[in-house]
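Trainee: Could you take a close look with me at one part of this structure? I'd like to see how its pieces sit next to each other, and what surrounds them.

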Amino acid sequence: MIPIDFEYYRPSTIIKAVQLYQDLTGNQKQTIFYGGGTEIISRARMNEISPNAVIDLKNIPECNVLKKDTETITIGATVSLTQIADSAVFPLLTNVARSIAFRTARNKITIGGNLTGDIIYREALLPFLLTESEAVIAGREGTRQVVISGNGIKLNEGEFIVQLVTNNKFAQYRHINHKTTKQSKVNYPIVSIASILVDDQIRVAFSGVCAYPFRLNQIEEALNDVTNSPGKRIQAAIDLLPAPILHDAQASSEYREFVLKQALQQLLDNFEGVS
Amino acid sequence: MKTESYTVIGKSVPRVDMPDKAFGRTKYTNDVTIPGVLHAKLHTSTRAHAVIKSINLAKAWEVPGVRAILTGDAFPFPVGPMLADRPPLAVNKVRYCGEPIAVVVADNIHQAKKAATLIDVEYEDLPVVNSPAEAMKSNAQLIHENLSNYKVQVKGVYPTPNTNIANLTKIRKGNMQTGWEASDITIESRVSFTPADHAALETRCARVEILSNGRVMVYSSTQGPFYVRKLLSEFFHIDAGMISVQTPLVGGAFGGKGTVQLEFIAYLASRAVGGKMVKIENSREEDLIMSPVHIGLDASVKLGATKDGKLKAAEIKFLFDSGAYSDTGAGISKAAASDCTGPYAIENVHCDSYCVYTNHPYATSFRGFGHPELTFAVEKAMDKLAARLQVDPFELRLLNAIGPGDTTPTQVNLNASNIGDVSSCLTKIRNLIGWNPNKNVQTTRDGKIRTKGISCFWKTSSTPPNATAGAVLTFNTDGSINLNCAAVELGQGTKTVLGQILAEKLKMDTKDIHVTLEVNTQYDPHQWKTVASSTTMIAGRAVLAAAEDAIKQLKNVGSTVLKSSPEDLDIAKGRIFLKDSPEYGVKITDVAVGYKYPNGNTVGGLVVGNGSYNVRHLTPLDPETGFGKPGPQWGVGAQAVEVEYNPKDYTYKIVKAATVLDAGKVINPQAAIGQMRGGMYLGLSWATRESFTFDDKGIVLNPQLRTYDILRASETPEYLVDFVETPLVDGPYGARGMGEYGVIGMAGALANSLSAACAADLNQLPLTPELIWKLVEGKGDVQ
């Protein structure tokens, strides 16, 4: 039960959504965009957030697209993880989506919400990081399209993701993903990695290892350096991590490092065992 | 031996509560909407141990709809079931993260919640006691400065002033020196785990209304409606007869609803608004840590045995982590002391069992009442001893199995009735799980290791010496019977089993027995609580007594009608008839509400069957030696777990879980199997993943189901269940209790199985892959 009062809007166009945000914040109302609501509802229940207004994006047609044509895969920001998990348009994303939360929650969680929420894992980001995908972002200045790289998508005040666009050639590459949790399958990741093999080069992105998801070129270079033994390559990759390994109630940093090494070993075995 | 020919006992009669549950029609306490009810919401502590410097209510009062805000000074007196040590709302200081500090009463729940969040509490932190071992140190921070002033509510609770010890139970049996001298080998083992939760599906809820004539109406999801009445009466000085407690079905309890918490607060809240009905309902997060939890333990076990494996001595120390308040923790530590050795015959026993205060959420009963906890400690030690002796763990247990002629740690003489057959349970589990000492560790083709582990358990019920139950039978004009009794249906099937006991006694069809599912203290006869696997015994005996009473009355009237002596009559299938000429008889329908002659004259009145039962001969334990009788009988059993362990990443899968229980007599096979499965599920969930994680300030890091992990249906193993039937002479149809038993040995069996697989001493719970990794790789001291 959410104890606070807030205004709820459900605009039907991008322009109206952008305008609403401007108007509401102009009236000193703390405003957030709303996708599936799983985080907003949970956090408002626990008094962690108390917005004055929410703008639900689910009535915007562009946000509900899920399609694949000759060139691109287009996924609207309010498409649910269940829809993605049940769809074959982007196989790596399908697999990653299936490993997030559980079905009842996935029915609500949207891809846009997972990519931009406060949750530190944002696992759905990994396939987009690996495939030079682009995000279509709407804001006061109109829409812009940016490549998703590094740590993810940076939104400016008043912006929201409309769509994710991926070159559909990536749908054919070999890919794997691997998630380890504390115990149950359904849980936050201790280590979640997603990987594809592009022109015999491994691309890999990580969630759960550090306090944010990431893909790093240097790590991939280290892993692809076949002049080194797998053990050395893995150690080199770990030495290149962009931030300290997480140490929390899910796992100690030492155990996370052990799990990460195992996951990378599995990754190398999988891609190089065949090639 | 007499051949039994029961018609209802031993049959899988469908559970009476099941259709409504399957269709979602069951109404639990919080499923009732009452116009005009006011809502209460708590403000709880964000600190584990701190002085309350000030509480600012100004902003909370500004919220529309707020009727009352209460803080600790509304009732600054401690309450509690065994030792009164807990104010309903914190007074002067808080002792755990999640402790209620204030309650807001408002017209609507969102108003109450909003106001509760606007209460501003200023704290001054105190050093936090984060484990029972820390609490026991000589210079430990005191959690209860006035321990010596607290009132002991139940005889046999011994707090130690100026320490963090809420209770100490000592067992001194035989002579330890003799025991150690007779031992060729000794082993020591230590286990520990932090508190966990019950996590019942139905979160706790209570409504209280004080009527204009002073009658206090309570509606609560409780395992003890009469217990709620008792405690409200004692602590608020209300005549018991002026309190009415009503409980519909309870949606899972596991011991967590056997104590009183929300009812106290709801009563104070109602009193503050002129007696209007006030409802307080836990959110899941509140239910997890604000309300009482599953106790933690730090246990040391030292065993001595001859080289042949015969146990000679046991020295045991339990430090139960009862958290901030003792609640039933003081009873749990006593119960664990009483059965400290597990089901093994040992002549020389020394046990100190402490109930220790820490700054963790406070503990109450959890299914098994100290036994799942002590059994993990003892069964780990037994496997360690078997390894040292290089004997089959199964044979070691069989050799030492306790039985008739032996005495318990509290020196109760065991006979063929008051203890089940441990050896038969062991022998049966061996076959059920396919135990073979030479093949218990198998490597699969893909490099995984399959192992089996066993455990053995016992438990007596630790009821108070006057635990009682009653039953009332009334007859309907169609000859069917209403059975009223205060046993609470919490999913265990008690109402079905009681109906079966009655049907068997009256030789009736169960469809003609109407068991009232809800409990109302105003018209149901008293029952202590529905806990401790005791209901089949105490309520079952009460039902039998009520049936005999009804039979006597029916035969009396029947003898007039049939012109015979009552002794010559029998009753079956709705008729009273002559034993030697069954064709001469009269329908119960025609007698139960008075027999009417053709001319209108009527003899006999309404038949109302009354019966009750009181446990007998129980005594408190001697404070120095523990000598005494803690419970009426010992239920026993054996369990086994088979796992598939992956040595590469330390993960594992539970393949099979098995239980053999000595049930005395299985009254309802399907319900009994369900009980064992449910128990195994609970035990495995606890042993594999359930526990609270604390930071160094005593803050619970996983106070919600996102992070408090529970075993999922897809992760459950294949369950194997079988029974042994050694009759309890005075049990209904020979039946023993069974409610708790399925959970007791699971942690021990799982830990033994996994320890064999990974060749490390897995001495903590939960058994996560990280823990196994840490212990196998020797990453630091985990104690």
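Mentor: Happy to! Two strands pair if DSSP finds at least two bridges between them, and strands (E, at least two residues) and helices (H or I, at least four) are DSSP runs, numbered from the N terminus. This is a predicted model, in which local features need pLDDT of at least 70 and side-chain atom pairs count only at pLDDT 80 or more, while totals for chains, interfaces and linings use all residues. Residues are numbered from 1 along each chain as its sequence is written, with chains lettered from A and ligands numbered from 1 in the order in which they are written.

Let's pick a sheet in chain B. Its 4 strands follow the order β24-β23-β22-β31, forming an open sheet with mixed pairing. At the edges you'll find β24 (513-515) and β31 (608-614) of chain B, each pairing on one side only. On average, neighbouring strands here are turned by 20° against each other, direction ignored; for such angles, axes are lines fitted to C-alpha atoms (for helices over the stretch in contact), and angles run from 0 to 180 degrees between N-to-C directions.

Now zoom in on β22(B), residues 468-475. This strand runs antiparallel to β31(B), and 7 bridges join the two. A handy place to look is Leu473(B), which stands opposite Gly609(B) of β31(B).

Two helices lie across this sheet. Helix α14 of chain B, residues 535-562, lies across β22, β23 and β31, and its direction makes about 145° with β31(B).

Before you leave chain B, follow it to its neighbour. There, 21 residues of chain B are in contact with 17 residues of chain A. On the chain B side, α3 (109-117) and α19 (769-777) each supply at least two of the touching residues, and α3(B) gives the largest share, 5 residues. Sorted by class, that side of chain B has 4 nonpolar, 7 polar and 10 charged residues (nonpolar: Ala, Val, Leu, Ile, Met, Phe, Trp, Tyr, Cys and Pro; charged: Asp, Glu, Lys and Arg; polar: the others, Gly among them).

Conventions:
Two residues are in contact if their C-beta atoms, placed from the backbone, lie within 7 Å.
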